[in-house]
Amino acid sequence: TKQRYVGLDLGIGDQKWNYGQLDVLGDLASLPFAESAFDAAINIVTLEHVRDPHQVLKELARVLKSGARLLLVVPHEWEVHQHPHDFFRFTKFGVEELARAAGLRIISIEPGGGYFRLLSRRLLGGAQFFPAPLHILWLIAVAPTALLLPLLDGLDKKQDFTLGYLAVLENRRK
């Protein structure tokens, strides 16, 4: 069977990015596709950049065939990025609410690591605050600890301190 990937973006997030390779420049809140056009959809760390996440999930559900799945990755504890187009952060409960409101069945919602993975990312990200070449010294100082910290994630049973969530959702629409 022949498969086709269709890439869509609004094309305003980062002026350094080349949006010319996209299949479609468009708005996730008003997708330019027919109802039930897709067998699956992927939305990775994008939902924080839209003004109406509820509408976007409804639109994704509209263009998915019945039984089709959506892989959704959303940030929870994440730095502000793509200024000024960064509006939201999501909890597991927020993802559940968005999915239900859009008519999507929740297959799974998993945290993207726990406290120690989050701490590791924060330590490595600290290099950005130092001018060259001091940022290299920072990385040399923290890298051994930062690379070992995720091994302790098993201690964080609830994983409420997480970088974000990975959800697998299914379109329930007939």
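Helix 1 (residues 53-63) packs on helix 2 (residues 92-101) at an angle of about 50 degrees, and their axes lie 8 Å apart. Helix 1 is therefore oblique to helix 2; angles under 35 degrees count as roughly parallel, over 145 as roughly antiparallel, 65 to 115 as roughly perpendicular and the rest as oblique. The model is predicted, and local features need pLDDT of at least 70, with side-chain atom pairs counted only at pLDDT 80 or more, while totals for chains, interfaces and linings use all residues. Residues are numbered from 1 along each chain as its sequence is written, and side-chain values use heavy atoms, without hydrogens and water. Helices (H or I, at least four residues) and strands (E, at least two) are DSSP runs, numbered from the N terminus.

Helix 1 crosses helix 2 in a right-handed sense. From helix 1, Pro53, His54, Leu57 and Lys58 meet Glu97, Leu98 and Ala101 of helix 2 (contact means heavy atoms within 4.5 Å). This contact comprises 4 nonpolar, 1 polar and 2 charged residues.

Helix 2 has a buried side. Val95, Glu96, Leu98 and Ala99 are buried there (under 20% relative accessible area; exposed means over 50%, with partly exposed in between, using a 1.4 Å probe and protein chains only). They span an arc of only 165 degrees around the axis, so they fall on the same side of helix 2. Their packing partners are helix 1, strand 4 (64-75), strand 5 (104-111) and strand 6 (164-171). Phe93 and Arg100 are exposed on the face of helix 2 turned away from the buried side. Just after helix 2, Gly103 adopts a positive phi of about 80 degrees.

Note on methods. Axes are lines fitted to C-alpha atoms, for helices over the stretch in contact, and angles run from 0 to 180 degrees between N-to-C directions. A crossing is left-handed if the near helix is turned anticlockwise from the far one by less than a right angle, and right-handed if clockwise. Ala, Val, Leu, Ile, Met, Phe, Trp, Tyr, Cys and Pro count as nonpolar, Asp, Glu, Lys and Arg as charged, and the others, Gly among them, as polar. The arc is that of the directions from the helix axis to the C-beta atoms.
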